[in-house]
Amino acid sequence: MTAVDYHGQTTLITGASAGLGAEFARRLAARGSDLVLVARRKDRLEELAAELRAAHRVRVHVVEMDLATENPGQVLAARVEQLGLHVTSVINNAGFATFGPFHQADPARLRKEIAVDVTAVADISRAFIEPLRTAGRGVLVNVASMAAYQPNPRMAVYGATKAFVLSLTEALWEESRGSGLRVLALSPGATRTEFFDVVGTTQAAGGSRLASPADVVRTALAALDRRNPPPSVIAGRLNRTMAFLARRLASRRQVIRGIGRLTAEGA
């Protein structure tokens, strides 16, 4: 396999109004892909769409949608069909986190977090993977997190959702081998996006230096362009080192206690 040719493709990106989603949109538009941008904030999507149309002369469609809705994959597929589009690549980027002790969390917010971070990723992947496999030249990227690699005290549900995304996506990588569809789980560490505004605290970063969205997306696209793309990639050399050390040199107890100290009050 050679580098992905995005010319003539249509890529659907969730969570496209800011952060990694907007950066994926800019990068893929520059490489020739038409786009379907999905998020709740239509004004932000329209602004980005106008920018990309002018800069790259690609077609950009906007879909205003809350992914916590019931059957998000079917709903989104129907919207795409109404637009007369044939999606060949999907970037499942939308997601958010809740920070704080699990026993104090708002149950309604946790349900929505699971709906967006787990249900929507699985449902959208299922709704589009057959046409993506048929097209046989695009990508399916599901954004996981460094949080996928260990339990996360004070972000217990978020870490669990991202472990699900990582496991699901790596399984789909194996199932899709030979189809021409490239499947990748992308695991960023703490990144300079609106993530922490939504969480409500930078403590969730555990004191980590924030990466740029450009570096994270560059890592993903480079992995997809490899002759033999991997099932998953961690963005950032230090993050990759930390994940390796946690798996090989520390006990499960030590890892959990360590993460707990990093996210503790006053950390």
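I began with the salt bridge in which the side chains of Asp 225 and Arg 31 meet (3.0 Å, N to O), a salt bridge being a side-chain nitrogen of Lys or Arg within 4 Å of a carboxyl oxygen of Asp or Glu. This pair links distant parts of the chain, 194 residues apart, with Asp 225 in the loop between helix H7 (213-224) and strand E7 (232-234) and Arg 31 in the loop between helix H1 (19-30) and strand E2 (34-39). I note that the model is predicted, that local features need pLDDT of at least 70 and side-chain atom pairs count only at pLDDT 80 or more, while totals for chains, interfaces and linings use all residues. Residues are numbered from 1 along each chain as its sequence is written, and side-chain values use heavy atoms, with hydrogens and water left out.

For the element names I kept to DSSP runs numbered from the N terminus, helices being H or I of at least four residues and strands E of at least two. Asp 225 counts as partly exposed because its relative accessibility is 21%, and Arg 31 counts as partly exposed at 25%; here buried means under 20% relative accessible area, exposed over 50%, and partly exposed in between (1.4 Å probe, protein chains only).

I then searched the whole structure and found eight salt bridges. Among them is the one between the side chains of Asp 34 and Arg 59 (3.2 Å, N to O), which links strand E2, where Asp 34 lies, to the loop between H2 and E3, where Arg 59 lies, 25 residues apart. Asp 34 is buried, with a relative accessible area of 15%, whereas Arg 59 is partly exposed at 48%.

I also looked up the salt bridge between the side chains of Lys 112 and Asp 66 (3.6 Å, N to O). It links Lys 112 in helix H4 (residues 107-135) with Asp 66 in the loop between E3 and H3, 46 residues apart. Lys 112 is partly exposed at 31% relative accessibility, and Asp 66 is partly exposed at 32%. Thr 69 lies in the loop between strand E3 (60-64) and H3, and its C-alpha atom is separated by 9.2 Å from that of Lys 112, 43 residues apart along the chain. Thr 69 counts as partly exposed at 36% relative accessibility.

Next I turned to helix H3 (residues 72-82), in which Pro 72, Gly 73, Leu 76 and Val 80 are buried. They cover an arc of only 95° around the axis, which puts them on the same side of H3; the arc is that of the directions from the helix axis to the C-beta atoms. The face of H3 turned away from its buried side carries the exposed residues Gln 74, Glu 81 and Gln 82.

I looked up backbone angles as well. Phi of Arg 57 is near 55°, a positive value in a residue other than glycine; Arg 57 lies in the loop between H2 and E3 and counts as exposed at 79% relative accessibility. Phi of Arg 154 is near 75°, again a positive value in a residue other than glycine. Arg 154 has its place in the loop between strand E5 (139-143) and helix H5 (156-176), and at 27% relative accessibility Arg 154 counts as partly exposed.
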